[in-house]
Amino acid sequence: MTIKVIIVDDQAMVRAGFAALLAAQSDIDVVGEAPDGRQGVEVSRRAHPDVVLMDVRMPEMDGLEAARQLLDPPRGVIHRPKVLMLTTFDVDDYVYEALRAGASGFLLKDAPPADLISAVRVVAAGEALLAPSVTRRLIADFARQRPAPRRDGPSARRSGLTPRETEVLELIARGLSNQEIAESLVLAEQTVKTHIGRVLAKLGLRDRAQAVIFAYESGLVTPGQ
């Protein structure tokens, strides 16, 4: 099945470069482009892409607000694409808010071409794109810039997890991959995947990205720990 993609970025050269790269793939079809968030939302409503590559900082409407509108559409709008944020490290705070809004992950704009292609496929398949190394950086910035997380509300939801599931959630939040979690807990990687699935189901979370955020907001992982 062909993956339909639109590219939303205020730099024409970036849009052209990404479009050329993705269009050269047999399983990816670039169905639209836009120079700002407002037009990006409009193009998405018309083209119904599977994935939206969304820059964070743009005129008219930034990527964060555009992501919110796409992922929480008004009544009557059924289509909800996957949103992959394009960013640099100096806007991590925006990325954090985008993940809370429901974005499927983020990719550095200077990532190798193969990473961009892989990211589109991963997100289109319904997975969160949150590379462990980037997760660690995001968490570090979050810990420095944000106050200690609230321990009410989310922590009560966490009480429904088993001790093993809680361990898995903590390791996800610390940026470990499935393989690293398996090695740390001396489990098979498939068992780790099963635990992650149960954690997400019990907590009502969509993906790994939301699990990281939940772990911090519930106090399971705290700044400076």
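A residue is called buried here when its relative accessible area is under 20%, exposed when that area is over 50%, and partly exposed in between. With that cut-off in hand, look at Glu165: its relative accessibility is 3%, so Glu165 counts as buried. You will find Glu165 in helix H8, which covers residues 163-173. Leaving aside residues up to four places away in sequence, Glu165 touches His195, Arg198, Val199 and Lys202. Keep in mind that this is a predicted model.

Now step back to see the whole chain. The protein chain has eleven helices and five strands, and 48% of its 225 residues are buried. Of the contacts between residues at least 6 apart in sequence, 68% join residues at least 24 apart. The chain exposes about 10700 Å², with carbon and sulfur atoms supplying 51% of that area.

At the start of H2, a side-chain oxygen of Asp36 comes to within 3.0 Å of the backbone nitrogen of Arg38. Just after the helix, His48 takes a positive phi of about 50°.

Finally, turn to the charged side chains. The whole structure holds ten salt bridges. One of them joins Asp27 and Arg121, at 2.9 Å from N to O. This pair links distant parts of the chain, 94 residues apart: Asp27 is in the loop between helix H1 and S2, while Arg121 is in helix H5. Another salt bridge, at 3.5 Å from N to O, joins Lys109 and Asp55. Here too distant parts of the chain are linked, with Lys109 in the loop between strand S5 and H5, and Asp55 in strand S3. Lys109 is partly exposed, at 24% relative accessible area, whereas Asp55 is buried, at 5%. Asp9 joins Asp55 and Lys109 in a network of salt bridges.

Which residue forms a salt bridge with Glu65? The partner is Arg68, with the closest N and O atoms 3.5 Å apart. Both lie in helix H3, three residues apart, or about one turn of the helix. An α-helix has 3.6 residues a turn, so residues three or four places apart point the same way.

Terms used:
Residues numbered from 1 in each chain as written. Predicted model: local features only at pLDDT ≥ 70, side-chain atom pairs only at ≥ 80, totals over all residues. Heavy atoms only, no water. Helix = DSSP H or I, 4+ residues; strand = E, 2+ residues; numbered from the N terminus. Buried < 20%, exposed > 50% of the residue type's maximum accessible area, 1.4 Å probe, protein only. Contact = heavy atoms within 4.5 Å. Areas by Shrake-Rupley, 256 points an atom, 1.4 Å probe, with all protein chains shown as cover. Polar contact = N/O pair within 3.5 Å; in protein donor to acceptor, adjacent residues only side chain to side chain. Salt bridge = Lys/Arg side-chain N within 4 Å of Asp/Glu carboxyl O.
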